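Please keep the sequence and the 3D view at hand while reading.

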Amino acid sequence: MKLKTQKEIKSIFAVLCVVFGFFLIIPLLFIFKYAFVGDSGLTIQFFSDVFKEKGFTTAIFNSLKVSAISACISTVLAFILSYTVQYTNVKTPIKKLIKSAAVFPMLLPTITYGFAIIYSFGKQGLVTTLLGKQFFEIYGLNGLVLGFVIYTLPISYMLTSNTMRYVDKKFSIVSRVMGDKPLKTFLTTVLRPLAGTLAAAFVQTFFLSFTDFGIPASIGGKYDTIASVLYSEMLGSIPNFNNGAVVALVMLIPTVVGIAVLTYLEKYNIRYQKISEIEIRKGIVRDTVCGILSGLVCAVIIIPFVVIFIAPFVKMWPYDMTPTIDNFTKIIKTANLGEVYLHSIGIAAAVAGIGMILTYAAALVTARSQINKKAKSVIETISLITNTVPGMVIGIAYLLMFTGTSLQNTFTIIIVCTIVHYFSTPYLMFKNSLSKMNSSWETTAMLMGDSWIKTIIRIVTPNSFSTICEVISYYFVNAMVTISAVVFLVGAKTATITTKIKELQYFAKFDEIFILSIMILATNIVVKVLFQALANRKSIKEKRESEENNKGEKRKMSLKKKLALPLLCLTLAVAPLAGCSKSADDQVVIYSNADEEAVEAMSKALDENGYDGKYTFQTFGTSELGGKLLAEGTNIEADMVTMSSFYLDSAQEKNNMFEKRNYDVKTLDGIEAADFYAPITSQEGAIIVNTEMLKENGLKAPTSIKDLAKPEYKGFISVTDVASSSTAWLLVQAIISEYGEVEGKEILSAIYENAGDHIEESGSAPLKKVRAGEVAIGFGLRHQAVADKEEGLPIDFIDPTEGNFSLTESVAVVKKDNAEKAELSQEMAKCIIENGRQYLIETYPNAIYEGEKTDNKNHSKYPKTFSEPLTAELLEKHIAFSDSCK
């Protein structure tokens, strides 16, 4: 029987190895390839380049510091909350509130966390306004710690509370009877059994903080982290996958320490032959202190998110608080939102069902089998790797590996990627709960003639039912909110609601972002409530009594009944995927980094000229689309691309992926039109100001970029880093063109000094800061400020005397085997140029082609072009110039 059991376990182990070997290890080998292999073969030059970069080692130490602080705080707070729920007589409604508040942040997309903190604790934030004072600086270390603690606390709480539920409380009574002091009783009967879990919670939360990019991008300020460096390398103005791969490998180094710590602490895990149900003794002081502390923790968790439910439902946050539902109705009416929402639910359901089975199988091997330690260590290592590898790296790895395969741009690869990305926490949840169960169950069952599989199904699984429900809801919720990995994997027909939020972030549409976040929150709450109700249907005591009575057939039927509803729900949720994504294969797929106004203008031109229903648009941020172009080449899903011209040049040089134009264009002098693309817009830079903040602080509006170097503007300016966003290139061009590199370096250095924590990674970030009242002045895209002013926001734009320099975005047709679709794509590209420019020029008032008139009232005062052609090589040169000014 033992031999047969070993065969069953080894079969499960083999399946796990195949799955993770193909979908984790091999993709990561592509990262190793990019880190060590160059054009001339094996090399360590990329490592040398990265470690020579200014501030790289500082970023590493910053990340280690903030992650350690956040992990310590998160683990302690999670323990307090768990102890209050499991070991006190705090009233049941309060315990339910604590449980709900503890996991609340994970029900929302992490992409909204930074915005919520800014809108709550910033200079014009909700809490600041209500209290009349900003009590702490939200940018830098303070904001990062707050953001990371809120982000990681749900994970830490779930791990701690799940394990604490299986700690046998009778030993506390025994300890007190033996005369132990309260502290010793606490240490030996509560803390020691949780040592392994607390260590796992610390490691888990540490790496979540260490690898997160979204929160540092919003409120990191000058406090650079290694995740920010990774983003700059992978998805900066000029993506460098080789250097990015090096940074990703450096981020994996702490994994070794984490594995060593967890391996050492594994011996402190305690198993109980039996879990006793006892009445928690009375303790008024204990209950009061724990209740107050837990209440304060819950308040800190919830308060930052209150603004999400207010800002979208007022006319103009924070300037006009008149209630309105216009923003809500506008986003709900978005044409493809319903389809995208169904995509997200279907993907999340599939991730939940398949992910639960996979993680349960893995935990059974390590916690409920006698397989050798080496095999167990393989799964432990997989858990640590999935925990430590950033989602962005997994996304890039999948992008590199699966491009050109049948899995590219499919729901399948999105589902697999999400399961792998979030494997660690569900695995630890299962492992910790399984390891606390009676270790003799399998032996007893074998003596009675049951196989290992039957024992697992009849005894172990019913006792794991609450954890199963938690894992399903955990996977579902995270699949609904994830963005970092899937943003590289979605296509025009497989978009999710979080990628829609990413688009809106690019357009600086924060009301819409909050509304979509509320939709996600509502969906996740329904799922959490459903599975929590299922988990609570039978108590642990009832399940144990069922096992002890050995009612095998009754147990089997009970389990089937229990699993019937969640499986039915998952099946119904996955159903929407069956009919999606393949119904419009004959449509021309257009990938674009264009703004909403540009997409509307191009769509209008196409629809009016007979192409209605013959195309579909999918928008991305410039960095994400740039990464896809460089990585996928002709294998990209798109038939046509509209993109920043210098990105198209780089992609063509690397991949030779675009068809030559079959139509002629006549551009004005100084505006390049390659033989494979034609410009569609020219986007200008300008100074953006918050008129109310200028008045409040007694500041005069600047008239030039040089003015931004004046000391009176210190702390009131936000600009973008040219290494991360091409928008900043417009600023650098103006400075170098007007003042040269010597004087220009002095000016830019002073501007960076004045900006301080407001040197941003995203091109739209300065406008966000100006709009939110965090700064009075920013430098960004002119047309975005024009739109804000027209909407009635206290935003104005100033054309700097150095000139409104511009970048062009162009349209190009991708080389495909389908000649008919390629010809149709060429016709559409020509239509956009010939018929769409009349609409585009209304928003982007720069003439591009001969004969165009630009009499728009918002036409820039000082349109200029740089003296040299705008190429990737010139951008690299200007990035080096910018870096020398920091």
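Ile26 counts as partly exposed, because its relative accessibility is 33%; buried means under 20% relative accessible area, exposed over 50%, and partly exposed in between, with a 1.4 Å probe and protein chains only. The model is predicted, so local features need pLDDT of at least 70 and side-chain atom pairs count only at pLDDT 80 or more, while totals for chains, interfaces and linings use all residues. Residues are numbered from 1 along each chain as its sequence is written, and side-chain values use heavy atoms, with hydrogens and water left out.

Ile26 belongs to helix α1 (residues 2-36); helices (H or I, at least four residues) and strands (E, at least two) are DSSP runs numbered from the N terminus. Leaving aside neighbours within four places in sequence, Ile26 is in contact with Gly21 and Met401, where contact means heavy atoms within 4.5 Å. Ile26 and Tyr398 are 372 residues apart along the chain, and their C-alpha atoms are separated by 9.5 Å. Not counting residues up to four places away in sequence, Tyr398 touches Phe23, Pro27, Thr403, Ile413, Val416, Cys417, Val420 and Leu489.

**Nonpolar cores**

A nonpolar core is a set of buried Ala, Val, Leu, Ile, Met, Phe, Trp, Tyr and Cys residues joined through side-chain atoms within 4.5 Å. The largest one has 246 residues, and Tyr398, Leu629, Val641 and Phe658 have the most contacts inside it. Helix α17 (residues 337-367) gives the most to this core, with 17 residues. Apart from it lies another core, of 31 residues, among them Val588, Ala594, Met602 and Ala605.

**Helix α29**

Helix α29 (residues 596-608) has 13 residues, which at 1.5 Å a residue should span 18 Å; its end C-alpha atoms are 18 Å apart, so the two values agree. The expected span is 1.5 Å times one less than the number of residues. The buried residues of α29 are Ala598, Val599, Ala601, Met602, Ser603, Ala605 and Leu606. These buried residues pack against β5 (588-592), β6 (615-619), β7 (640-644), β8 and α36 (819-843). After α29 comes Gly610, whose phi is positive, near 90 degrees.

Strand β11 (residues 777-781) is largely enclosed by the rest of the structure, because five of its five residues are buried. Two strands pair if DSSP finds at least two bridges between them, and the table lists two pairings of β11.

| Partner strand | Sense | Bridges |
|---|---|---|
| β8 (residues 677-690) | antiparallel | five bridges |
| β9 (residues 717-720) | parallel | two bridges |

Val689 has Ile777 of β11 as its bridge partner, and Ser718 stands opposite Gly778 in β11.

Ser718 lies in strand β9 and counts as buried, because its relative accessibility is 0%. The side chain of Ser718 makes a polar contact with the side chain of Glu760 (3.4 Å). A polar contact is a pair of N or O atoms within 3.5 Å; within protein, one must be able to donate a hydrogen and the other to accept it, and residues adjacent in sequence count only if both atoms are side-chain atoms. Beyond its neighbours within four places in sequence, Ser718 is in contact with residues including His758, Pro766, Lys769 and Phe779.

**Cysteines**

With a disulfide taken as a pair of cysteine sulfur atoms within 2.5 Å, the count comes to zero disulfides. Cys72 is partly exposed, with a relative accessible area of 42%, whereas Cys885 is buried at 4%.
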